[in-house]
Amino acid sequence: MADSIMSKAATMEIPINSNGDTGSLAGDDSLEQAAQIQWSLDEKDLQQVMVSGPNLNETSIVSGGYGGPAGGIIPTSSIKDIRMKARAANVQHSPPSGHPITSMIQQHPGSMHHSPSGSGLASEEVARGVAVEKLDSVKKWGINTYKCTKQMLSERFGRGSRTVDLELEAQIEVLRETKVKYEQVLRLATALISHFNNMVQTQQALGDSFADLSQKSPELQDEFGYNAETQKLLCKNGDSLLGAINFFVCSINTLINKTMEDTLLTIRLYEAARLEFDAYRSDLEELSLGPRDAAAAMRIDAAQQDYHLHRDKYERLRSDVTIKLKFLEENKVKVMHKQLLLFHNAISAYFAGNQQQLEQTLVQFNVKLKPGADKPSWLEEQ
């Protein structure tokens with residue numbers, strides 16, 4: 001009874017004038033009566049309310065403000081039902097207390113929210129570092145290329161100085177000339193193999209023709225037979241000579257295209273290091289002749305560091321070139337001594353018709369003939 005009266009009193013309309021003053025209330029008597037009834041609650045009812053708590057099922061919430069329509073009053077019992085249903089749904093969908101996900105969330109409550117952003121930041125930092133490193137390498141390459149090109153043009157037009165090692169430069173020039181001459185010998189020896197191989201094949205065909213005619217011409221059987229045997233012997237000796245020349249060509253090819261080429265590759269690296277050294281040396285000399293302020297001092301220090309770095313590289317490669325040239329000369333003499341002796345003995349034995357000496361030469365230099373070189377022709381097999 002008292003609650004219904006208080007709810008009616010709370011929802012009564014209070015008129016407000018335009019100047020903000022409250023007007024005379026029409027229901028002053030009803031308000032006073034409601035207040036008296038409210039304060040007339042005995043101590044027993046008050047204690048009961050305090051012990052048992054308010055009955056929320058009979059309480060209402062006014063949503064439309066004072067003086068609103070009756071439809072705006074929302075009973076709290078519906079709100080309580082909604083809250084109870086939401087709590088039940090959360091309990092059903094939440095994992096049990098012993099579940100691994102629950103223990104992980106309890107141990108790391110903030111990792112579920114911050115780990116994706118942390119991994120994204122880490123990958124972004126790595127990509128940024130790689131990009132900066134590539135940009136720095138391109139920048140250094142561009143500066144180095146510019147300095148070397150400037151130094152090369154200065155040397156070509158006679159305006160710049162270059163570091164020269166007269167003894168080493170002479171050895172390098174001799175090596176290049178020797179390589180050109182050895183390449184000429186290699187081309188000629190290869191041509192000799194081609195021509196001599198054609199001659200051996202021609203002799204083989206000629207010997208087969210003589211052997212065929214000896215079978216079909218009884219009156220000239222002996223003469224055709226002698227010539228067939230001679231061509232057969234020449235073919236056999238020709239195959240032996242071809243094996244010796246092939247061995248000679250393979251050794252010369254290895255000496256030119258592997259041993260000499262390896263030394264020339266080191267020489268090219270040495271010449272590039274020499275050009276870089278002279279470029280940074282000239283840069284340091286130009287900076288030393290300029291003004292001496294704080295910025296210039298920093299540039300001079302950086303130029304000195306680059307100068308010492310490229311000087312060490314130049315000296316290291318110069319030492320490598322000197323050592324390789326020495327070993328190349330020793331290897332060249334050893335290889336060519338053996339190959340020239342083989343070539344001489346094989347050619348002499350072949351044209352002298354000394355088959356035994358030719359075979360001994362092949363055995364002496366460990367020359368192995370191609371399989372099937374001593375195989376008889378099809379006519380001889382028949």
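Leaving aside neighbours within four places in sequence, which residues is Gln355 in contact with? I looked this up in a predicted model. I found Leu233, Lys236 and Asn237 in contact with Gln355, once its neighbours within four places in sequence are left aside.

I then checked one of these pairs by distance. The C-alpha atoms of Gln355 and Lys236 are separated by 9.0 Å, although the two residues lie 119 residues apart along the chain.

Next I noted where Gln355 sits. I found Gln355 in helix H10, which covers residues 355-364.

I turned to a pair of helices. H8 spans residues 221-288 and H9 spans residues 294-351. I read an angle of about 165° for their packing, with the axes 7 Å apart.

Which residue classes make up the contact of H8 with H9? I listed 32 nonpolar, 11 polar and 12 charged residues there.

Last, I looked at cysteines. How many disulfides does a search of the whole structure find? I got 0 from that search. I kept a reminder that a disulfide is a covalent bond between the sulfur atoms of two cysteines.

I looked up the accessibility of two cysteines as well. Cys148 has 11% relative accessibility, so I put it down as buried. Cys235 has a relative accessible area of 3%, and I put Cys235 down as buried too.

Technical notes. Residues are numbered from 1 along each chain as its sequence is written. This is a predicted model: local features need pLDDT of at least 70, side-chain atom pairs count only at pLDDT 80 or more; totals for chains, interfaces and linings use all residues. Side-chain values use heavy atoms; hydrogens and water are left out. Axes are lines fitted to C-alpha atoms, for helices over the stretch in contact, and angles run from 0 to 180 degrees between N-to-C directions. Helices (H or I, at least four residues) and strands (E, at least two) are DSSP runs, numbered from the N terminus. Ala, Val, Leu, Ile, Met, Phe, Trp, Tyr, Cys and Pro count as nonpolar, Asp, Glu, Lys and Arg as charged, and the others, Gly among them, as polar. A disulfide is a pair of cysteine sulfur atoms within 2.5 Å. Buried means under 20% relative accessible area, exposed over 50%, partly exposed in between (1.4 Å probe, protein chains only). Contact means heavy atoms within 4.5 Å.
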